[in-house]
Amino acid sequence: MSLTPPACPQCGLDNTYADGEQFICPDCAHEWPAQAEASEDDAPAGDGIIRDANGQPLADGDAVLLIKDLKVKGSSTVLKKGTKVKSIRLVHDNGDHDVDCKTDLGNFMLKSVFLKKA
């Protein structure tokens, strides 16, 4: 665990403190595990490979299937489970939405944890 607690991920203020196995922000009452902080630091040093829900590595141009119905934020559209998406493009610097693709319903950024290699 680090000596200085990190800023709160919810409100961004630095008035946080460690309490046992977690950090607490007294300003917004947000609590998060201290262990996740260490694993996030280790993540960039990982292999950098984007994997599907089954742990298979994905590559640009792969075809994937949705493993769950996904509601499109800000719309009444739903991407149905089992939909096949062809010619994906991997994006490494866009948070957790790491797959760019085109479907019949439009262009979407998806999380690889909701996909499996076809």
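In what follows, Ala, Val, Leu, Ile, Met, Phe, Trp, Tyr, Cys and Pro count as nonpolar, Asp, Glu, Lys and Arg as charged, and the others, Gly among them, as polar. The structure is a predicted model, in which local features need pLDDT of at least 70 and side-chain atom pairs count only at pLDDT 80 or more, while totals for chains, interfaces and linings use all residues. Residues are numbered from 1 along each chain as its sequence is written, and side-chain values use heavy atoms, with hydrogens and water left out.

Pockets come first. Rolling a probe the size of a water molecule over the atoms shows where empty space is left. Here a pocket is an open set of points, on a 1 Å grid over the protein atoms alone, where a 1.4 Å probe fits, with protein on both sides within 12 Å along at least five of seven lines; lining residues have an atom within 4 Å of a point. Grid points are joined across faces, edges and corners, and a volume is the space filled by probe spheres set on the points.

The largest pocket has a volume of about 260 Å³. Its lining comprises 14 residues, and those closest to the centre are Ile 49, Ile 50, Gly 95, Asp 98 and Ser 112. By class, this lining of the largest pocket holds four nonpolar, five polar and five charged residues.

Two strands pair if DSSP finds at least two bridges between them; S9 (residues 99-103) and S10 do so in the antiparallel sense over five bridges. Asp 100 has Met 109 in S10 as its bridge partner, and a hairpin of two residues joins S9 to S10.

An open sheet of three strands runs in the order S1-S2-S3, with antiparallel pairing. S1 (17-19) and S3 (31-33) stand at the edges, each with a single partner strand, so one side of each is left without a neighbour in the sheet. Within this sheet, S2 (residues 22-24) pairs with S3 over three bridges, and Ile 24 stands opposite Glu 31 in S3.

Key. Helix = DSSP H or I, 4+ residues; strand = E, 2+ residues; numbered from the N terminus.
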